[in-house]
Amino acid sequence: MSAFATDLWRKLAAYEVGPRDAAFTFSQRLARENRWSPAHAARVLTEYKRFCYLAKTAGHPVTPSDAVDQAWHLHLTYSRDYWQRFCPDILEAELHHGPTAGGSTERTRYYDQYAATLASYEIAFGEPPPDDIWPTAHRRFVIDPLSFRVNPHDVVILPRGAVRFAGIAAGLALAAAAAGLIWGG
Amino acid sequence: MIEGFSTYSGSDFLLFYAVLVVAAIVAGVWVPTLLRADGAERSVQDRYEAAFLAGGGKRVAETALAQLLAEDALAPSGERKVRVIRETAAKHPLEKTLLRKPLPFGLTETYKAIEPHIADIKQRLVQQGLLLADSQRMPLRIVSVLPYLVVLGIGWFRRAAGVAEGEPVGYLTALMVVAAIFALIRFVKLDPRTRGGITAVADARNISKRLKTAPTTPEVGYGVALFGTAILAGTPYAELHAMREAARGDGSGGYAADGSDSSDGSGSSDSGCGGGCGGCGG
């Protein structure tokens, strides 16, 4: 049966994390903390709900993508909402968060869970997970874990591509200047 | 008309000739696309047939290693090799052949060991109308390079006229060399699939695009068959991708680097907290 036809999905789809009258909503906070657009944060929130659906129904342990994990982390900080409303009323089960203990065995276990989660997603929702929110294993297990908190008050953040482009441009400009000096006398 | 070429000024003819070379490159791609045999409209399910259609015989070897690694029948054995650690209930004769190998082996040995199976797969694909028969390939190669031969002929004529007049012909010769190199590549690099074969791979990739992200254990072989070993980066089977990259990077056209040095060339890194988070078991 498609997930969309289930009561659980209907409840999850309609669920709003945090107080309804909050001036700064859960989705807005998710966008700000991750520097996402409001539209992207809203999509991640939907994927988080799909992940929760799978956690309850897939029949195997599930592993989120990094983006979905950020939504889960943030939801866990709304502890009253998470433990007193969401788990008992919507999931009707306790959904615990378990970070990896590290090491190659754990890495294999979490890779297998991630792959199984994506396969169950496709069966439940009738489409493959969007790859900008559920990325490749390389992105998920090699690149994304490099993330850490920074404060823009203390550091300057530059996209790596822009730095590479600026470096190449500067190199070409220097080469042109050197050539001008040599041949121009 | 040909007479007219020799009366062009050198720079005018060079510009004209450059346009001809570009036209030959376009025609070299377009003409075989038009003339390619239709073949049959059918899907491809078998992972080794899919591998051959998507990436040729070497992809078949990579697919076999990926699937057997995922099933824990093989394990990395250092120096870009794998060894049999467990005889699984392998169904495919090609897998059985590999599981009988007593010593560690690399990609080159894998390919050599399963060459007869690859020949069978190729024959089946021809019979199914997904692959061009050998007899269909040469005419397509020749048609693909015909535009280049015309362009090179015109260049040769103009060059001879230029030499006779004592004009400089260096740039024209350089353009002709470029055209000849493109012609050679076009002749050697022929897509051996029928239209049906090309469509079958495109459809299979579209239906199974999730495998590009993270295939489950039973899907690893089929994922590699369709998308190559690059999908293994970041997975527990990343060593195979490293083996393949090392073999490709040795300049031998691949598959000759087994054990040539002691680097394992692993494409993955120990990410410490690599797993992220589990959840409830449902």
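Analyst: Gladly! Let's start with burial: a residue is called buried if 20 or more other C-beta atoms lie within 10 Å of its own, and exposed if 12 or fewer do. Keep in mind that this is a predicted model. In helix H6 of chain B, the residues that count as buried are His117(B), Ile118(B), Ile121(B), Lys122(B) and Leu125(B).

User: How do you know that the buried residues of H6(B) line one face of the helix?

Analyst: Look down the axis of H6(B): the buried residues fall within an arc of 145°, so they line one face. Turned away from that buried side are the exposed residues Pro116(B), Ala119(B), Gln123(B) and Gln127(B).

User: What do the buried residues of H6(B) pack against?

Analyst: Their partners are helix H3 (47-70) and helix H4 (93-99), both of chain B.

User: What does the length check give for helix H6 of chain A?

Analyst: That helix has 22 residues (104-125) and reaches 31 Å from first C-alpha to last, close to the 32 Å expected at 1.5 Å a residue. Its buried residues include Arg107(A), Tyr110(A), Tyr114(A) and Leu118(A). Helix H3 (38-57) and helix H7 (137-143) of chain A are among what covers them. After H6(A) comes Gly126(A), whose phi is positive, near 70°.

User: Why is Leu35(B) called exposed?

Analyst: Leu35(B) has 12 of them, so it is exposed. Leu35(B) sits in helix H2 (residues 10-35) of chain B. Leaving out residues up to four places away in sequence, Leu35(B) touches Leu140(B) and Val143(B).

User: What makes up chain B as a whole?

Analyst: Chain B has 11 helices and 2 strands. Along the sequence, the pattern is α-α-α-β-β-α-α-α-α-α-α-α-α. Of the 282 residues in chain B, 38% are buried. The domain assignment gives domain 1 (2-35 + 133-188) and domain 2 (47-129 + 196-248), and their centres, taken over C-alpha atoms, are separated by 40 Å.

User: Which domains does chain A have?

Analyst: Chain A is divided into domain 1 (3-149) and domain 2 (154-185). Between their centres, again over C-alpha atoms, there are 42 Å. An unreviewed UniProt entry lists residues 162-183 of chain A as "transmembrane region". In the model, residues 162-183 of chain A are 100% helix and 0% strand, with end C-alpha atoms 31 Å apart.

User: How many residues of chain B are in contact with chain A?

Analyst: 26 residues of chain B are in contact with 47 residues of chain A. By class, the chain B side of that contact has 7 nonpolar, 16 polar and 3 charged residues.

Technical notes. Residues are numbered from 1 along each chain as its sequence is written. Chains are lettered from A and ligands numbered from 1 in the order in which they are written. This is a predicted model: local features need pLDDT of at least 70, side-chain atom pairs count only at pLDDT 80 or more; totals for chains, interfaces and linings use all residues. UniProt positions are given in the numbering used here, feature names are shortened, and annotations may be inferred rather than shown by experiment. Helices (H or I, at least four residues) and strands (E, at least two) are DSSP runs, numbered from the N terminus. The arc is that of the directions from the helix axis to the C-beta atoms. Two residues are in contact if their C-beta atoms, placed from the backbone, lie within 7 Å. Ala, Val, Leu, Ile, Met, Phe, Trp, Tyr, Cys and Pro count as nonpolar, Asp, Glu, Lys and Arg as charged, and the others, Gly among them, as polar. The expected span of a helix is 1.5 Å times one less than its number of residues. Domain bounds come from an automatic or database domain assignment.
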